[in-house]
Structure formats: structure tokens, C-alpha cells
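Hello,

Please find the structure below, handed over for your own work. Notes on what was found in it follow.

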Amino acid sequence: MHKISGIAVSPGIIIGRVLLIDDTRSLRVARRTIDQADVAAELERFEFARKAAINELDELHKSAAVEMGKEAAKIFLFHIGVLNDPSVLTPVRQAIEQDHVNAEFAISSTFRKLAEKFAAHPDSTFRSKVDDLRDLAHRLLRDLGHGGQETIADMDEGTVIVARDLTPSQTANFDRDKITAFVTALGGPTSHTAIVAGALSLPAVVGAKGVMLQARTGQKIIVDGERGFVVLDPDESTISKYRHEQIEARKVSLSLSEFAKLPAITADGVRINIMGNIEFPDEVEQVESRGGMGVGLYRTEFLYLTGDREPTEEDHYQSYKRCAELLNGKPLTIRTVDLGADKYTQAQEEIPERNPFLGLRSIRYSLKNQKMFRTQLRAILRASTLGPIKIMFPLITNIAEFRSGQYFLREEMEELDEQGIAYDKDIEVGMMVEVPAAALMAGAFAREVDFFSIGTNDLVQYTLAVDRTNERVASMYTPIHPAVLKLIRDVSRAGRRHDIPVSCCGQSAADPAFAALLLGLGVRSISATASSLPMLKKTIRSLTVPQCERIVKKAISFDSEAEASSYVLSRLRKRVPEVFDGRPVA
Ligand code: PEP
Ligand code: MG
């Protein structure tokens, strides 16, 4: 049994089987040190993989000779030749025998060196064989149980994906009938991969250091998405303990479900607007069943991340139409695409940026890709007759960006007018406040925008200079930080002064302690992952606004985030023990 700790990013407990995903584009695999006693077995594993690969290649050679002709089929003979070549086999065997490394590492390091040598060879015949060497290494690794994407297709129900890292689009494309949870070695608490896990209700642990060294395909695994643990090869008593917890968790969620139906009103009668965040239209059903009063954030970039081509105006329109139909008259805030940073399109992936979170992301990307942006704006406008729909621009940092967004919107409106196509002429246009500059300048923005929505996921990372996707600095990602609270206070004040609504739609808003602070800072609208809404309602109903105001006033006065968060939690535990006992702070 082996327990690995990580960061809990999506709740739930799963007992399943590992499917280890290696990055198929690279030959880097985990290095594992083996005991002297295991050397013979590891050599045997290599021999097994080698023979299996030769048999496969032999079959391929025969069928290729028929289909493609003898000459073309010769490439497989080259592959077989490499697998019989002592100058390749000896270094692999030596690495196992002398360096005591696992067969996978021996293969990948030997083939990588060989590929590098071939790539630098003056003779082009050698250079042209580099890809063949990579393919060959992957074939051997696959025969050792290291699958690439193709093994995802073969997986069974109850599969837990274990990977070094996953992109939001990989995660969004998971087969939900089979994949029940995932674990990654990298990743931070509010990465978009983590957010997708929440959207798909997939329990997930990220930043589980060492998981790639320990996990093996087919191994039994427990994913504890509540506390952020992974248990490999669990013993019977651990399994039965977690089975019991699964039953308890179901009871808790059942008892919370009664709060979904109750209004979100504080103990002193202040009404709070509780909304849901979505990435896919079908999530609206979950938002509704958990008591959401509408959708406060629709992350439309997932239209780009789940398809293999750029969405058309009709694709956009149909998605918005579906949301509006499911919402049946409840409000929907559509955020224009927030591509870039950790949400890459195919084209962006080919030219990676050095500092993608500080790069051409979000509204900056949309303003540079006007055709794409206009297509989306037009689709939103067309859908605006179907229900109360608002537009929100992400990552606004300066007023010129907001004005440019509005300029394009007005142009699309004029075009629709000319074509006689109906739309809501008074559609509200707001902005996300997720950059410290925007929070500090909120007074100026408030004169031009219809509403603010605070995005703490980015606001925290930019204020504290902590990459939200990096597990190495995850402990420094502390939303309850006086600096962050001061910025939110400023935004809330500016909203009040100019009479525009202020909501918060970052992940922290889903944390009851942070939500209490938001109430204390004057925020009256919260949008969060559907699964968190019943607990948020329970929290809101058990606190008064003056209590929250007192707590946040004190929290903001501390010099450090550690003092602030321990104070907040201790006060809230006293006030509402049934919500806060045993809960870590966001
Ligand atoms: C945020 O930054 O808080 C936010 C809601 O946007 P996203 O998580 O999509 O960056
Ligand atoms: Mg953001």
C-alpha cells in the first residue's frame, strides 16, 4: 500500500483501477530504482516486450507487403533489425543490470540517446530514421503497459486516469461512462483542468508528486478528492474504510440537497443571488437541481476545446440557445472566449508562449482575432432574444480593451439591424475583474460597464504572483490574503458608489469561509460550481451580514495571510460549527 498526497480539486471518493497515461510525444518515462533481487525479473520484462514487439512487427511486415508492396514494407524489417541489434540491446540490459533502473527507463533513455545521435548524423539516411526509433520505443513501452492515447479507448469502467499532466481539453473529452476520477503529478488548485473536473463531477487530485513513479496500469487505487490523497494498492481495511466514507458522503450530500430548494437569504434577511458556473450547456441541469438561480459564468472557450474545428456562428448560437432553453427564463451570463494560458487551441499549441498567463490570452486574444470574436458576439446577440442574457468580457486590464469589445459589439448590432435580425438592444455588458490593475481602477471602469464579476482564480494568482497551475507554489495560493480582500473591497465599493452589481465567480467563492468574507465585503451575488451551491446556501442561511462584516474587517487588518485565515476559520467555527468544523480554509 502506498499513500501519496496532493491537492484536492474536485470532491468525491473513488475506488478504481489505474490507467497510466504517458506523454506520447516524448520518450521520457519515470525512472524507478529496482533492487538487485529484481534485476532478473526486469530483464525478463524487457525480453517479453522485445519479443512481443518483434511478433507484432512481423505481422505488420507481412500485411504491409501485400497492401503496400515489398519495398515499402521493408521499414518493418528495419524495426525488427533494431530490436535484434546488440548495440541497442546491450545498453538497455546494462542500464537494468548496472544502474538498477526499471525496463521502461532503460528503454526510453537508450532510444532517446540513439534518436539524438541519428538526428545529428551527417548522412540523411540516419536522420530520416529518427521517427522510426521513437515509434519503436513507444511500441516497447506499450508492450510494457505504458499506453498512449490509444489505450484510453480500451479502458474499462471504473478507470482512474493517472498522468503527469492533463490539458483542460483532454479532460473535457474524457469518456464519462468509463473514467471515474483522475490524478496528475502536476497542476494547481484552480487550473482549468481542475475546473473541468468539477464540471464533470469527476473526483480529482492534482500535484500528486511521485504518482508517476509509483502507479502502474491495472493497479487498484483510491482517489480521495475530499482531502487530496491517493492510495495505491490499498489493503482491505483501507478499502472498507473508504467504502464507509463513500456511504457517509452520500448521506451528507442528501442532507444538503434540502438546502438546494431553500432561498439564499442570510439569517438577518438579506437576499443573495446564488448562481452556477458552467463550461457545457448540459451543466445547467445540475445548476438548477442544486438550487442555482441562473448561470453567472458560462466559460464559452470550451466550445473550442472540445471540438476539432473552430466553432461556427451556428455552433455558438445552438449552445446559447440550449442554455437559454434549459434555464427557462433565468439569467445567463455569457463570457466571451477566454482562450490562451492553460486553455490552448490547436493553433496556439504549435507556438507556445514563454509566460502564457501573462501573454496573449483572453480578451487580448479575442481582440487580435477579430473574425473569431465577431462571430461569437453575433451569435450571442442573436441568442439574446431567447432569455435574459448578458455579455461579459474576461481579463479586462485597461479601459481601451473594454471599449474595443463594445465597439465590435455595436458593429455587429448595426449589421444585424441591417439584416433585420432581432436581438436585445439593451443587452448588459459587463467585465470580469481578475487583474489587480482593474480592481485598483474599478471606479473608472464602473462608469462604463453594466456589472462587475470578480474572478478570484486569476485575481489571486496575479496579486500574489503565484501560478494557479503550479503545484510547487500551491501552498502560496491563498485567497484569504489581506491584499486580495482589499482589492475585492475596492471593487465592491466602486460598484456600490456607481450603482452597478458586483458578483464573484472564482473557485474561492465556492468555499463557505471565503463566501462569508464576500458577504462581509458587500458582494451580494456569487457564482460557483453547481456541486458547491447547497453548501453555500446552508452557510448563507446561518450567518448575518454584520457578523460577516466584523470578521472581514478584522481579517483585512492582519499583516499576513496565515493570521487572517486562521482568524477567519476560528470565528466561523464558533458561529456555525456544523459548516466549518473540520474544513480547511480555501
Ligand atoms: C477566474 O479567473 O476567477 C475566473 C472565473 O475565470 P477562469 O477561471 O476561467 O480563468
Ligand atoms: Mg479568469
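Salt bridges

Arginine 489 has a relative accessible area of 24% and so counts as partly exposed (buried is under 20% relative accessible area, exposed over 50%, partly exposed in between, with a 1.4 Å probe and protein chains only). Its partner in a salt bridge is aspartate 490, with the closest N and O atoms 3.8 Å apart (a salt bridge is a side-chain nitrogen of Lys or Arg within 4 Å of a carboxyl oxygen of Asp or Glu). Aspartate 490 is partly exposed too, because its relative accessibility is 27%.

Before going further, the conventions. This is a predicted model, in which local features need pLDDT of at least 70 and side-chain atom pairs count only at pLDDT 80 or more, while totals for chains, interfaces and linings use all residues. Residues are numbered from 1 along each chain as its sequence is written, chains are lettered from A and ligands numbered from 1 in the order in which they are written, and side-chain values use heavy atoms, with hydrogens and water left out.

The structure holds 32 salt bridges. One of them joins glutamate 245 and arginine 227, whose closest N and O atoms are 2.7 Å apart. This pair links distant parts of the chain, 18 residues apart: glutamate 245 is in helix 11 (residues 236-260), and arginine 227 is in the loop between strand 7 (220-224) and strand 8 (229-232). Helices (H or I, at least four residues) and strands (E, at least two) are DSSP runs, numbered from the N terminus. Glutamate 245 counts as buried because its relative accessibility is 18%, whereas arginine 227, at 44%, counts as partly exposed.

Another salt bridge pairs arginine 361 with aspartate 458, at 3.0 Å between the closest N and O atoms. Arginine 361 lies in the loop between helix 15 (346-350) and helix 16 (363-368), and aspartate 458 in helix 21 (residues 456-464), so the pair ties together parts 97 residues apart in sequence. Both arginine 361 and aspartate 458 are buried.

Helix 26

Helix 26 (residues 561-575) has 15 residues, which at 1.5 Å a residue should span 21 Å; its end C-alpha atoms are 21 Å apart, so the two agree. The expected span is 1.5 Å times one less than the number of residues. The buried residues of helix 26 are Ala564, Ser565, Tyr567, Val568, Leu569 and Leu572.

Domains

The domain assignment gives domain 1 (2-22 + 150-252), domain 2 (36-143) and domain 3 (273-345 + 355-427), with bounds from an automatic or database domain assignment. The centres of domain 2 and domain 3, taken over C-alpha atoms, are 49 Å apart.

Regards
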